[in-house]
Amino acid sequence: MTTEKAVPWEKMNRREFLALSALGAVPCILSACVSDSPSSVTATPSPVHATPSPTKPPPLSDADWAALARNLQGTLVRPDNPQYPIAHQLYDPRFDYIRPAAVAYCASPADVQTCLAFVNRFGLPLAPRGGGHSYAGYSTTPGLVLDVTRMNTVKVDAGAGIATVGAGARLIDVYAALAPYSMVLPAGSCPTVGIAGLTMGGGIGVLDRKFGLTCDNLLAAQVVVADGRVLTCDATHDPDLFWALRGGGGGNFGVVTSFTFQAHPVSTLSIFTLNWPWSSAADMVDAWQNWAPQAPDELWSNCLLLGTGDKSSSPIARVNGVYVGPVASLNSLLQQLTSRVSVAPYSRFASEESILDTMLIEAGCYGKTVGECHLPSQNPQGQEGRSTYSAKSDFFTSLLPRQGIDTLLNGINRRQASPLLFGGGILLDASGGAINRVAPDATAFAHRDALFSAQYLAPWNDSASNAIVSANFAWLADTWQAVRPYASGAAYQNYIDPNLADWQHAYYGANLSRLQSVKSMYDPGNLFRFAQSIPTTHGA
Ligand SMILES: Cc1cc2nc3c(=O)[nH]c(=O)nc-3n(C[C@H](O)[C@H](O)[C@H](O)COP(=O)(O)OP(=O)(O)OC[C@H]3O[C@@H](n4cnc5c(N)ncnc54)[C@H](O)[C@@H]3O)c2cc1C
């Protein structure tokens with residue numbers, strides 16, 4: 001491991017950077033847990049803006065449930081079980097009010113078959129659940145939750161470069177299993193996100209400009225479909241289903257029990273972060289958007305505009321990234337970025353790191369073990385917390401004019417000025433590279449022409465007041481609306497947004513009609529449905 005120290009204007013050393021990371025100031029660099037500092041405001045219980053499948057289940061007898069439990073290799077957790085208070089939770093406490101009739105921890109495809117037969121027999125609503133990170137709470141239901149997290153083994157065939165991953169695996173476990181072989185799978189940064197939802201919605205991450213999205217690396221998947229058949233689909237077996245699982249979104253076509261991925265050998269990874277004064281944020285965004293999407297595939301970066309918890313400070317203007325290669329080559333690329341901004345960054349850090357440390361740092365878990373980089377409910381050593389937020393997304397196919405950049409910055413300035421809004425902000429993630437070399441109709445993931453994407457993030461404390469929650473929703477809606485004229489109109493299906501009106505076209509574009517055909521083929525009765533599930537061609 002080498003740490004670059006020779007650049008005269010470098011002010012942040014490795015120890016300082018990693019201390020910040022461990023404190024959570026550089027957490028989950030790509031994702032929803034990036035709030036700089038949570039609100040410490042006390043409050044009344046927050047209203048819920050969730051829209052999960054609302055159907056009320058029919059009454060079933062205890063004997064029916066007992067029969068289901070007996071027939072499972074895994075376990076069934078009902079509301080009277082001491083494990084239920086944890087078992088019914090998703091990642092976001094906003095959805096704790098949804099009380100499933102039962103959570104089935106399926107241990108095998110046969111368990112999933114048993115559960116599907118049960119819900120078919122009783123007309124019970126169901127929701128498959130992987131990591132439980134759905135932004136809209138679509139992985140819970142008042143009916144039966146089919147939890148796949150018991151199927152979480154990761155098997156690596158290093159010679160063939162293939163990883164077979166149980167659908168219940170979390171991202172940090174996938175990274176940790178591959179790292180000893182000096183291999184990676186491009187996936188998201190947040191450690192507790194499930195491989196299942198992430199893959200089926202695309203999978204944006206710090207290695208995807210080099211190796212493609214997570215779904216681009218899928219070679220095969222084992223799926224239990226609505227009629228109970230267990231299918232292994234790939235490019236030649238059930239190819240339409242295989243196509244749909246790569247970007248068509250989780251929860252639409254069946255319950256995936258296992259994924260087979262192409263993994264990639266990697267010898268050296270470097271990470272970096274550059275901070276500019278807020279007064280240079282517009283220059284920074286402009287320089288970044290002209291640099292990041294055209295950079296070599298090896299370089300992934302994002303541009304962060306973040307509110308802070310301390311209202312006396314300025315918002316944060318930062319560029320982060322990961323480079324597949326040595327820090328010396330990274331430095332000359334960073335020089336190209338910094339030379340485009342009239343003011344030098346006030347802090348700069350660049351360093352080579354091991355694969356696992358890179359992923360732990362990106363996850364906001366540096367200094368923690370892999371076990372600690374989980375929720376306590378997932379691992380007895382887990383030290384991560386749940387969080388509450390709402391989000392929206394955009395893709396951009398042309399560069400932002402100065403007015404568009406000012407619109408982004410105004411959104412952050414409003415957030416920083418508000419006494420009700422803390423942390424959160426706007427994250428621009430570079431696209432291009434291997435992502436955009438895949439044809440838009442080659443997989444169900446249609447967003448192949450973007451220069452970058454945006455995620456607008458509004459977090460709050462679980463105990464925040466109604467006023468704080470409402471202010472966050474209003475900020476999201478206003479900020480996103482103001483950016484409309486500059487965005488493509490598409491949205492990322494994995495940042496699933498219950499308040500998006502034209503979600504079908506925004507998520508799937510021209511791939512929508514083929515997705516509807518696949519839905520009609522594999523789930524003609526629309527067993528797998530939720531507020532934003534893909535409809536069949538016959539409108540079921
Ligand atoms: C903190 C945080 C960080 C994130 N970071 C990233 C990131 O870096 N990159 C990125 O691309 N996305 C990221 N996301 C978005 C994430 O990819 C999606 O929320 C994804 O759907 C989560 O998958 P999951 O398995 O954890 O969630 P779940 O809520 O379990 O599932 C999501 C959807 O998939 C369905 N589903 C789950 N398991 C299965 C299965 N086995 N078979 C069929 N359907 C299933 C569910 O029913 C639900 O509709 C992040 C989200 C959060 C909350």
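A residue counts as partly exposed when the number of other C-beta atoms within 10 Å of its own falls between the limits for buried (20 or more) and exposed (12 or fewer). In this predicted model, that scheme places Asn 526 in the partly exposed class, because it has 17 C-beta neighbours inside 10 Å.

**Residues with positive phi**

- Asn 526 has a phi near 55°, a positive value in a residue other than glycine.
- Asn 526 belongs to the segment that follows α15 (512-522).
- Asp 238, also not a glycine, has a positive phi near 45°.
- The loop between β9 (230-234) and α8 (239-245) holds Asp 238.
- Asp 238 counts as buried because 21 C-beta neighbours lie inside 10 Å.

**Packing of α9 and α12**

- Two packed helices are described by the angle between their axes and the distance between the axes.
- Helix α9 spans residues 281-291 and helix α12 spans residues 402-417; their axes come within 10 Å and cross at roughly 125°.
- Helices α9 and α12 are therefore oblique to each other, and their crossing is right-handed.
- On the α9 side, Ala 281, Ala 282, Val 285 and Asp 286 take part in the contact, and on the α12 side they meet Ile 405, Asp 406, Leu 408 and Leu 409.
- Sorted by class, the contact of α9 with α12 comprises six nonpolar residues, two charged residues and no polar residues.

Methods. Residues numbered from 1 in each chain as written. Predicted model: local features only at pLDDT ≥ 70, side-chain atom pairs only at ≥ 80, totals over all residues. Axes fitted to C-alpha atoms, helices over the stretch in contact; angles between N-to-C directions. Helix = DSSP H or I, 4+ residues; strand = E, 2+ residues; numbered from the N terminus. Parallel < 35°, antiparallel > 145°, perpendicular 65-115°, else oblique. Left-handed = near helix turned anticlockwise from the far one by under 90°. Contact = placed C-beta atoms within 7 Å. Nonpolar A, V, L, I, M, F, W, Y, C, P; charged D, E, K, R; others polar.
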